Amino acid sequence: MSDLGTGVRLLGRGQRWVASHKRWYGFGLIPAALALTLYLAALVALGLYAGDLAAWATPFADDWQEAWRTPLRVTVGVLFFAGGLMLAVLTFTAVTLLIGDPFYEKLSETVEASEGGVPSGPEQPLWRELWRSLCDSLYVLMWALAFAVPLFVLGFVPFLGQTVVPALGLCVSAFFLTVELTSVAMQRRGVPVRERMRVLRGRKRLVLGFGVPLAAAFLVPFVAIFLMPGAVAGATLLVRELTPDQPSGPAPVPASPLGRFGPPTA
């Protein structure tokens, strides 16, 4: 059970790190706030047009009596919105990391530097890093959906859907959330996404100790914005735990969060 405790401690250390480096904390809030704004707009639009989508998806019910047509389309509209909400939960971290790739890369480098050195990763142009992050996120999303869709369907099974399925769903979300969060530090080490998932599967208790409290907290509206910088910092510490023999060196880290993306500040 020690790995479970270690995972929880690493998550707490990441949150404490950004709390003690307030400039970096504020810097790390920007991508999450942008991503949340986009998702809220998309979910509001989905809610407004759920009825139209339900009517489009059920043209066979046009000639039904209203007593039958209305409950069917309300159910379909609810399923559309629930599916959109599930997709938002699964993809929020990936989209936030994609938007904030330059932000979180510098944050993660600074965390590593404070712990004793930054691994010398391959130098790549920004567009290539973003493309790689997008491809990796789509691969992770494919696997996440492979688990999430059956669990979503099982959620309608009486008793099972109210007990076992939510617990399994939280664990699955925790695993893939951790996969996404560790991508920043893992990419710096040149670890491909398939190998990353294999490494994390080998330390499931560590991953669940880190990911379950975070995934549960992310279910609370707006909490993800405030926890994301610390989650990236904690995931960086988690990667250092998983790769203790990774060579590191005194790679320069900007004194300012802006680094090469803007003028340094005192």
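## Ground rules

Since the model is predicted, local features need pLDDT of at least 70 and side-chain atom pairs count only at pLDDT 80 or more, while totals for chains, interfaces and linings use all residues. Numbering starts from 1 along each chain as its sequence is written, and side-chain values use heavy atoms, with hydrogens and water left out.

## The overall fold

You're looking at a protein with 10 helices and zero strands. Helices here are DSSP runs of H or I with at least four residues, strands are runs of E with at least two, and both are numbered from the N terminus. Along the sequence, the pattern reads α-α-α-α-α-α-α-α-α-α.

Of the 266 residues, 42% count as buried. Buried means under 20% relative accessible area, exposed means over 50%, and partly exposed is in between (1.4 Å probe, protein chains only). Take the contacts in the protein with a separation of 6 or more: 81% of them come from residues 24 or more positions apart. A contact means heavy atoms within 4.5 Å.

## Helix 2 against helix 3

Helix 2 (residues 22-57) packs on helix 3 (residues 66-99) at an angle of about 160°, with the axes 9 Å apart. The axes are lines fitted to C-alpha atoms, for helices over the stretch in contact, and the angles run from 0 to 180 degrees between N-to-C directions. That angle makes helix 2 roughly antiparallel to helix 3. The cut-offs: under 35 degrees is roughly parallel, over 145 roughly antiparallel, 65 to 115 roughly perpendicular, and the rest oblique.

Helix 2 passes helix 3 in a right-handed crossing, where right-handed means the near helix is turned clockwise from the far one by less than a right angle, and left-handed means anticlockwise. By class, this contact of helix 2 with helix 3 has 22 nonpolar, five polar and one charged residues. Nonpolar covers Ala, Val, Leu, Ile, Met, Phe, Trp, Tyr, Cys and Pro, charged covers Asp, Glu, Lys and Arg, and the others, Gly among them, are polar.

## Helix 6 against helix 8

Helix 6 and helix 8 pack at about 130°, with their axes 10 Å apart, and are therefore oblique to each other. Their crossing is right-handed. From helix 6, Phe175, Phe176, Thr178 and Val179 meet Arg196, Met197, Leu200 and Arg201 of helix 8. The residues of this contact split into five nonpolar, one polar and two charged.

Arginine 201 lies in helix 8 (residues 193-201) and is partly exposed, at 41% relative accessible area. Arginine 201 and valine 179 are 22 residues apart in sequence, with 9.8 Å between them C-alpha to C-alpha.

## Aromatic rings

The whole structure has six aromatic pairs. Rings of Phe, Tyr and Trp (its six-membered ring) pair if their centres lie within 6.5 Å; planes under 30 degrees apart are stacked, over 60 edge-to-face, and the rest tilted. Phenylalanine 175 and phenylalanine 176 have ring centres 5.3 Å apart and planes at 85°, so they pair edge-to-face. Phenylalanine 175 is buried at 14% relative accessible area, and phenylalanine 176 is buried at 8%. Elsewhere, Trp24, Phe27 and Phe103 form one aromatic cluster.

## Threonine 182

Threonine 182 is in the loop between helix 6 (164-181) and helix 7 (183-188). This threonine 182 is buried, with a relative accessible area of 0%. Not counting residues up to four places away in sequence, threonine 182 touches Arg196, Leu200, Ala235, Leu238 and Val239.
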